[in-house]
Amino acid sequence: MAFTSLYHIEVLTLREYLLRLHAFQLQQIDREYNMHKQAWLNHQVTLTKEQGKKQVPIYKRFKDFFDYEKYLKELRKPKIRLNNQMKRMATIAKQVNSKKG
């Protein structure tokens, strides 16, 4: 919740304040992580290798560096394998839910 008035800040309990402070600090660490990761990636993309007597880029195309389609394909793969007990529970839940409507 974003604060829209001074009143909301004044009525915070100490516990709420400390939790919000902790959340803010975690966000800052995440920002730092993302900045450092970006710097590392910037370095990686400029790497070269020796080919004969000259230096050539390791990554000739962006797709060689980051295969977007590959990540999307991985995301579409089912991650959870349902065992028989889970299938039975899902069937029972479906039956119960259909009776309520």
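Modeller: Let's start with Phe 62, Phe 66 and Tyr 71, which form one aromatic cluster. This is a predicted model, where local features need pLDDT of at least 70, side-chain atom pairs count only at pLDDT 80 or more, and totals for chains, interfaces and linings use all residues. Residues are numbered from 1 along each chain as its sequence is written, and side-chain values use heavy atoms, with hydrogens and water left out.

Biologist: How many aromatic pairs does the whole structure hold, and what describes such a pair?

Modeller: An aromatic pair is described by the distance of the ring centres and the angle of the planes. Rings of Phe, Tyr and Trp (its six-membered ring) pair if their centres lie within 6.5 Å; planes under 30 degrees apart count as stacked, over 60 as edge-to-face and the rest as tilted. The whole structure has three aromatic pairs. In one of them, Phe 62 and Phe 66 have ring centres 6.2 Å apart and planes at 45°, so this pair is tilted. Phe 66 and Tyr 71 are stacked, because their centres are 4.9 Å apart and their planes at 10°.

Biologist: Is Phe 62 buried or exposed?

Modeller: Buried means under 20% relative accessible area, exposed over 50%, and partly exposed in between (1.4 Å probe, protein chains only). Phe 62 is exposed at 58%, while Phe 66 is partly exposed at 34%. Tyr 71, at 48%, also counts as partly exposed.

Biologist: Which charged end sits over the ring of Tyr 71?

Modeller: A charge sits over a ring if NZ of Lys or CZ of Arg is within 6 Å of the ring centre and within 35 degrees of the ring normal. Here the charged end belongs to Lys 70, 5.5 Å from the centre of the Tyr 71 ring.
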